[in-house]
Structure formats: C-alpha cells, structure tokens
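Me: I would like to go through some labels used for this structure and see what each one rests on. Please set the value against the rule each time.

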Amino acid sequence: MRADDTPLIRLEDYRPSDWLIDTVDLDISLHPQKTRVRALLGLRPNPAGRPGAPLILDGDELSLSGLRLDGLLIDESAYSATAQGLTLHAPPHRRFTLTIDTQVDPSANTKLMGLYRSSRVYCTQCEADGFRRISYFLDRPDVMSVYTVRLEAAKIEAPVLLSNGNLVAAGEMAGGERHFAVWHDPHPKPAYLFALVGGALDHVRQDYVTADGRKVELAVHVEPGKAGRAGWAMDCLVRCMRWDERVFGRNYDLDVFNVVAVSDFNMGAMENKGLNIFNDKYVLADPQTATDGDYASIEAIIAHEYFHNWTGNRITCRDWFQLCLKEGLTVFRDQEFSADERSRPVKRIADVRTLRSTQFSEDAGPLAHPVRPRAYKEINNFYTPTVYEKGAEVIRMLKLLVGDDAFRAGMDLYFERCDGTAATIEEFLACFAETSGKDLTQFARWYEQAGTPTIVASGRYDAAARTYTLDLAQTTAPTPGQPDKQPVVLPVALGLVGKAGDLPLVTGSAAYAGDGVIVLDQPSLSVAFSDVDEPPIPSLLRGFSAPARLELDLADADLLRLFSADSDSFNRWQALQSVASRALVSAGRSPGGHNALIATAGELAEALAGFLRVQAPADPAFAAQVLRLPVPADIAREIGRDVDPDAIHAAHRSLAAEIGLRLRPHLMELRERLGTSAAYRPDAASAGRRALRNEALGLIALADPEAGAHLAEAQFAAADNLTDRLAALAAMTLVAGDAREALIARFGKTYAAEPLVLDKWLMAQALIAEPGTLDRVKGLMQHPAFSLGNPNRVRALIGGFAANLTQFNRPDGEGYAFVADMVVALDRTNPQVASRLLGSFKSWRMLEPARKALAEQKLAMVAQTPGLSRDVADIAERALA
C-alpha cells in the first residue's frame with residue numbers, strides 16, 4: 001500500500017463503537033501450519049453508538065471458514081468477508097452471539113504480529129492491532145470483554161499451554177496424543193491484551209502472598225535448558241510486586257502470574273493480562289551471558305510490564321491517541337522503582353541521557369510529534385521515545401507541580417474512578433486537578449504540543465541591594481504541522497550556589513512555588529531573590545525538573561565551581577557535561593579549534609583528578625557517569641545544522657584521548673583500587689565499581705592505544721563475567737590492528753553458542769568508526785549466527801551500523817544506501833522492524849549539504865518502492881515532508 005492510499009486516523013474523529021462484545025469464548029487448536037480458531041462473541045448494541053449500524057469487524061490476512069448467528073448458519077447475502085474485514089449488514093439490534101471460524105498459519109507469520117511460532121513455541125503479539133490476524137474482531141482498545149480460552153495442542157509439541165487469567169480446566173484428548181487447557185480471565189480487557197503460549201518450556205516457580213492476602217503462583221518460562229538464567233527475572237518480579245503495593249497501594253488480582261521468554265519478538269516485552277511475553281534478552285541472565293546493563297534492563301522491564309497490570313490493563317486507553325496514558329505513566333513508575341532499588345542520582349542521569357539522545361533528536365527532526373498525536377496512518381510508528389520517555393517526564397513534572405501527597409491521592413482517585421474502563425488523558429488529569437486544587441489546563445499543552453522547549457536564563461547581582469534577579473524566557477521551535485507554539489508549564493528547580501554551597505532562597509515572587517521551584521508558564525518572567533550576601537551561580541533545572549534545553553551563559557570556571565559545590569548531584573554531572581559539550585560543539589563547527597579543545601581538556605582533567613581522588617571511591621556509579629563525555633550524536637544535535645559527523649567524531653576522540661592522557665596515573669590507580677577479586681554480583685554497588693573501572697579502561701585505550709590494548713587483553717583473560725569481557729572488547733575496538741581482530745575472533749568463538757551475547761559482538765563491530773566497517777557488516781551478515789528473520793540480530797548488526805555516526809553518514813552515501821536497501825528487504829517480511837530501522841534517517845536534515853542530498857535521495861528511493869507496507873510508507877512520507 002502506498003502512503004497516499006492509507007487513511008489518516010484523527011483524534012477528533014473518534015466515536016464510540018456501535019457494538020460491544022461482552023464475552024469472548026475462544027477455542028484454538030494449535031498446529032504449525034493449520035491452526036483452527038473458533039471465536040464465540042457475545043455482542044450487544046452500544047447505547048452510545050449509532051442505532052441500526054452494521055457490525056463491521058477488523059481482519060488482517062484472514063480467511064473465513066465458518067459463520068453462525070445464535071448458532072445458526074448465516075445466509076451468504078447477509079454478510080461480506082474479505083481478508084481485511086467482515087461485515088454483517090443487518091445484525092439484530094439485541095444481544096446475540098456470533099461464531100466465527102478462521103484458520104491461520106503460525107509458521108508463515110514472519111511479521112511476528114498475531115499468532116506465530118518462535119523457536120517452535122506458539123506465541124502471540126496483539127498490540128496494537130494483531131488480534132485481527134487471529135480472528136475477525138472489533139480490534140480497538142475501548143471494546144473490553146471477558147475472555148475464556150480453550151487451547152488444544154499435541155502434547156509432544158506443546159506440553160505447556162498458557163493464556164490470560166486463571167487455569168480452570170485441563171486434560172488429555174481421546175487417544176492421548178493431544179491435550180487441552182482452559183483459561184478464564186475475569187477482568188474485562190481489550191483484544192490487544194489477549195495472549196497465548198504453547199510449547200516445550202522449562203520454568204522457575206515461586207509462591208507470593210499479596211499485601212491483601214491473595215496467594216499467587218509466579219512462574220518464569222524459558223526455552224529448555226535455560227531455567228538457570230531465569231532466577232534474576234523472578235527476583236525482580238517479586239521486588240516490583242512488593243514495591244507497587246508499598247508505593248502505589250496496588251495488589252495483584254489473579255491467582256497466577258506467568259512470564260514467558262521467546263527469541264523472536266519485535267518489541268522488548270508485552271503486558272498481556274497475567275501472561276507477560278518477553279523478548280528473551282530481557283529475561284535471561286547469568287554472569288557469563290549478561291552484562292550489568294542487561295541485569296538493570298531486566299529489572300526495569302520486568303517491573304514495567306508488571307506495573308501495566310494497573311496502568312494499562314485494569315485501566316486501558318480509550319483509543320491509541322491516549323497511548324502515553326499507559327506507556328508514559330508506566331515508564332515513570334518503572335523509573336521510580338529502579339531509582340529506589342539502585343542509585344537515584346545515577347538512574348536520573350541515565351534516563352536523561354536516553355531522553356536527550358532519542359527523544360530530543362526526534363523532536364528536532366521531521367518525525368516530531370506531540371506526546372498525544374492528533375493523527376496517524378500507522379499506530380505502530382508511534383511507539384516512540386516521545387510517547388514513552390517524554391510521556392514519563394510529563395508525569396514527573398506533574399508530581400513536582402502538585403506535590404507528593406496530592407500526586408499519590410490523585411493516583412488513588414484515578415485507580416478508583418477509572419478501574420475497568422478505557423480512559424483518556426483528560427480523565428487522568430482531572431483526578432490531580434481535584435486532589436491538588438490546581439488548574440491543569442495549561443499543563444495539558446504538554447500532551448498536545450510537539451518540540452523541546454528552550455529556557456534562556458540570565459542573572460544580575462546587585463551588591464548594594466543584596467539582591468539577585470533571575471530572568472527566564474521560554475521558546476519552542478516550529479515542528480511539522482505546528483509552526484506556532486504556546487508557552488508550556490515548566491517547573492524550574494533551582495538553587496543559588498555561593499562559595500560555601502547553597503544560599504537561602506528568599507523571594508516574594510508569585511512564580512515561586514516553594515521548595516526551590518519556579519514555575520515558568522509565561523513567555524518570560526523575572527524573579528528577584530533578596531538577602532543574597534555574595535554573587536551566586538545559578539543552578540537551574542536541578543534533577544532535570546523539565547524536559548527542556550537550557551541556555552545559560554556561564555563561564556567554564558563557574559560551571560567547574562558548580563561541579564565541586566552544587567548540592568544537586570544531577571547538576572554537578574551536568575556542569576561538567578556542559579563544559580565538554582561547549583568545547584565539542586565549537587570544535588565540531590570549526591575543526592581548526594584544536595588548541596581550545598586541548599585547553600578544555602586540561603580544565604576537565606584538573607577537576608576530575610580531585611574528584612577521582614577524593615569522591616569517586618564513595619560512589620563509583622556516579623563517578624562512571626561523570627567520566628563519560630557527551631556522545632557525538634548529542635553534539636550533532638546541539639550543532640543543529642550543517643553537521644559534519646567526521647569533524648564531531650575527531651573532536652570527541654581528541655578530547656577523550658587528551659583527558660585520558662592527563663588522568664592516566666589516576667585512572668590506573670583507580671583500576672587497581674577497584675580490582676575485581678570478589679565473585680560477581682549484579683547488585684548496584686558492584687556494578688558501579690565495574691562501570692568506573694571500565695570507563696577508565698576506555699579513556700586509557702584512547703590516550704595510549706598500546707597500553708590500552710594490553711589492559712584489555714589482560715582483562716578479557718582474567719574476567720569471570722561478561723560485563724568485563726565486553727568492556728575489554730569495546731576498548732579494543734578503539735585500537736585498530738591485529739590485536740583487535742584477534743580479540744574479536746576470540747570473543748566470537750567463546751560465545752558461538754550464545755545468540756544474545758553474539759548480538760553484542762555484532763553491535764560492537766558495527767559501531768567501529770572506521771571506513772572498513774560497512775564491508776565488515778556486510779560480511780557479518782553471512783555469519784551463521786545472523787538472520788534477517790530475527791529482530792534481535794537485525795537490531796544488533798544493522799541497527800548498530802545505523803547508529804554509527806560516521807559510517808552511516810559516510811561522505812559517499814554508501815551507508816545510507818546499505819540501510820535503505822535493508823529497509824526495503826525487511827519490509828517484505830517484517831514491516832515493524834523495517835520502519836524502526838528507517839527511523840535512523842530522522843536527523844538527515846541537520847547534515848551538511850552533500851550528505852543531506854545523499855540521505856534524501858535514499859529516503860526517496862525507499863518511498864518510491866512499489867508495494868511498501870503501511871509502516872514503512874508512513875515513516876518515509878513523514879521523513880521527507
């Protein structure tokens with residue numbers, strides 16, 4: 001389908017379904033190629049719908065094999081059926097049942113939407129609209145039904161049969177070769193939350209008793225032989241269940257909770273009611289096959305999907321325009337959980353790094369859209385950082401504005417008022433307006449207006465009057481379809497830092513909300529602080545209190561003072577980042593500015609030397625974040641136009657190498673002090689020590705390649721865990737030569753039987769910033785471990801290359817050509833993966849003219865390809881608009 005042929009779905013066109021489905025009874029007989037599905041739907045007219053309307057059910061590549069109304073065959077003239085839908089022209093306008101028979105081929109389903117097979121395991125993915133690939137249905141989130149599901153399969157092929165809800169019956173079929181299981185979910189849910197799993201699976205089990213006394217059987221199901229790697233996921237599940245009871249007062253509501261890991265999955269995981277299905281990379285973990293980052297990701301994603309039980313399942317979204325209501329809110333919840341379980345400052349820094357690198361760049365390009373889009377052609381293309389990460393930041397601002405008590409009361413009211421419904425953002429915000437007494441009308445603009453606001457700040461100190469006046473102004477650049485922007489509500493957490501630390505904040509300004517927060521909700525305002533005894537340095541957006549860019553013209557000396565004296569950990573980190581970023585932006589724009597870059601390296605190294613000596617041992621995880629420079633993609637975004645990726649990369653490498661050279665004695669001493677004699681543990685403190693050692697290794701490798709290579713080889717040989725081995729490989733990729741190739745080969749051989757580890761090996765090579773990387777990637781596509789049919793392999797190798805700033809943006813355009821060709825090839829089998837890969841072109845307009853023209857040419861080639869999927873056509877059209 002061409003993009004121009006795809007209808008535009010608009011928020012303002014929403015109307016309730018004409019029909020409701022109260023009950024769904026599914027009878028599914030699993031077979032690799034010929035799975036039979038019988039759906040018995042209990043329908044009734046919707047009082048809010050159109051009287052006399054036909055019943056129009058959604059389908060996607062379906063074939064109807066039987067249709068009955070109240071148990072009787074329907075005359076063919078009474079309905080029409082195509083692969084894309086089923087219409088009953090004149091249904092009875094009363095309660096009635098409709099029995100629909102379809103047949104699907106799970107083995108041929110390469111789109112991984114609907115029912116498919118992954119490593120001989122039957123599984124489903126129905127969000128956003130995959131259920132229509134199983135049976136004709138009202139496949140929309142505001143149609144909520146009670147499901148009873150009977151599954152049948154060959155015992156030898158699928159000894160485990162799982163679906164949503166509680167198991168109510170199970171047994172063998174006549175002859176003993178097949179068996180069945182019946183599952184009932186008493187909680188009404190939309191079709192996108194339906195799930196089934198059938199296959200030969202190992203598991204770990206644990207009993208759990210909720211705060212209100214319900215006994216729950218927890219299970220994590222994995223491929224045979226991998227149960228030993230499921231323990232961490234189970235541990236995370238228990239901890240997040242207890243946390244949700246304590247922090248949000250939410251208890252689990254079924255007798256069982258199942259998690260299943262599969263190897264072929266388009267997403268990270270899916271929150272199907274009582275049966276969460278995961279990409280196996282977010283479940284399986286042991287020290288030899290998972291890094292510290294993997295352990296942290298598993299913790300966060302297990303929590304995220306579990307938290308959806310209330311924010312997404314018990315309360316779902318009325319339509320897909322409200323997607324952020326479940327995703328942004330649940331990201332906020334999983335971020336808070338991880339912050340409580342680990343280091344809150346370090347977690348905040350990591351989340352902001354992700355936000356800036358993914359969402360800020362989305363806001364700055366042709367794919368920018370509001371947190372709640374007003375229109376879409378393909379909803380799968382709006383599972384974006386704007387909906388997830390920026391959506392979470394909006395919730396964080398809401399909590400800061402209304403206060404902790406009113407926020408908790410608002411969440412309690414939301415759970416009480418909207419339980420069992422498909423809700424809207426307006427209904428959500430109304431709860432907090434009621435508990436806080438605040439007018440949130442202007443705050444709601446965060447959901448409607450795209451773009452990243454810029455806060456311009458400046459200050460004046462009057463020594464005679466002992467006052468400091470802070471001037472703030474906000475602007476938001478035009479984005480596609482939104483040329484004019486209105487002021488948003490920006491909570492600016494701040495402090496005034498003197499020689500000995502924070503100064504008292506004394507002001508009578510109406511904009512001051514107390515607790516160190518100014519509310520900037522106008523184009524500009526000034527706030528005067530009195531009783532200020534010395535010229536202060538403003539510390540603004542503490543804790544990154546709003547998802548905005550800050551322009552504050554502080555000298556490097558002032559920023560370095562903030563680094564040493566600010567009471568806010570986030571802004572201490574940010575101060576050093578700002579010094580480095582300023583130098584890298586300058587050098588990236590004018591490659592001749594080498595001397596200025598070296599001078600900045602000296603300033604940073606001096607500040608870091610004292611920090612590493614005195615403070616780093618107390619919080620190694622924070623120190624690791626401090627040592628890490630802004631990434632080149634962030635520098636490109638700050639430059640904004642006429643970007644030369646090679647100049648940015650050269651500047652970044654030079655600055656890091658110079659800092660590493662100046663700090664080398666401190667870094668070597670630090671590595672010795674943080675030695676790894678203890679057995680591996682995945683806890684936050686141990687992970688922080690490894691992170692700091694490995695950041696030091698990377699800087700040493702850039703400063704002294706020979707010494708770095710020696711250290712990397714030694715670390716790889718001595719390591720008892722994947723974290724340190726992968727860090728050794730990453731450091732070695734910075735050093736061209738035979739030693740690097742030998743370690744790459746050794747790593748590949750060591751983990752030849754571990755696909756998830758080989759993904760990291762593939763990505764490490766795809767990210768090498770050298771002209772030979774494109775040929776290397778093409779060669780790796782022939783490796784036995786690589787498959788275009790597995791989303792994880794594609795994301796690792798081809799997605800890794802697309803994230804390689806210099807090689808994707810090669811001056812000859814070959815990087816664009818390769819990725820564009822891969823998008824077209826993947827679109828034939830898995831449009832979702834293809835469209836996400838095409839998203840790597842989202843920043844093409846900021847490139848220098850020659851690269852920009854080459855990127856546009858390849859985008860146009862994709863857009864003009866005959867027979868494009870709706871997913872890819874939509875991204876191409878928006879990217880070129």
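**Labels and their grounds**

Reply: Helices α23 and α24 (residues 831-838) pack with their axes 8 Å apart, at an angle of about 160°. The model is a predicted one, in which local features need pLDDT of at least 70, side-chain atom pairs count only at pLDDT 80 or more, and totals for chains, interfaces and linings use all residues. Residues are numbered from 1 along each chain as its sequence is written, and side-chain values use heavy atoms, with hydrogens and water left out.

Me: Why are α23 and α24 called roughly antiparallel?

Reply: Angles run from 0 to 180 degrees between N-to-C directions, along axes fitted to C-alpha atoms, for helices over the stretch in contact. Under 35 degrees is roughly parallel, over 145 roughly antiparallel, 65 to 115 roughly perpendicular, and the rest oblique. The angle here is about 160°, and α23 and α24 are therefore roughly antiparallel. The helices themselves are DSSP runs (H or I, at least four residues; strands are E, at least two), numbered from the N terminus.

Me: What is the hand of the crossing of α23 and α24, and which residues make the contact?

Reply: α23 passes α24 in a left-handed crossing. That term means the near helix is turned anticlockwise from the far one by less than a right angle; clockwise would be right-handed. Val819, Met822, Val823, Leu826 and Asp827 of α23 meet Pro831, Val833, Ala834, Leu837 and Leu838 of α24, where contact means heavy atoms within 4.5 Å. By class, the contact of α23 with α24 has nine nonpolar residues, no polar and one charged. Nonpolar covers Ala, Val, Leu, Ile, Met, Phe, Trp, Tyr, Cys and Pro; charged covers Asp, Glu, Lys and Arg; the others, Gly among them, are polar.

Me: Why are Lys326 and Glu127 called buried?

Reply: Buried means under 20% relative accessible area, exposed over 50%, and partly exposed in between (1.4 Å probe, protein chains only). Lys326 has 1% relative accessibility, so it counts as buried. Glu127 also comes to 1%, and is therefore buried.

Me: Which parts does the salt bridge of Arg851 and Asp646 tie together, and is each partner buried or partly exposed?

Reply: The side chains of Arg851 and Asp646 meet at 2.8 Å, N to O. Arg851 is in helix α25 (residues 849-863) and Asp646 in helix α14 (residues 645-673), so the pair joins parts 205 residues apart in sequence. Arg851, at 5%, is buried, whereas Asp646, at 32%, is partly exposed. Elsewhere, salt bridges that share partners join Glu12, Arg372, Arg374, Glu426 and Glu448 into one network.

Me: What makes Arg810 buried and Arg613 exposed?

Reply: Arg810 has 16% relative accessibility and therefore counts as buried. Its place is in the loop between α22 (805-808) and α23 (814-827). Leaving aside neighbours within four places in sequence, Arg810 is in contact with Pro771, Leu774, Gly815, Tyr816 and Arg851. Arg613, in helix α11 (residues 594-614), has 51% and so counts as exposed. Not counting residues up to four places away in sequence, Arg613 touches His666 and Arg673.

Definitions and conventions:
Salt bridge = Lys/Arg side-chain N within 4 Å of Asp/Glu carboxyl O.
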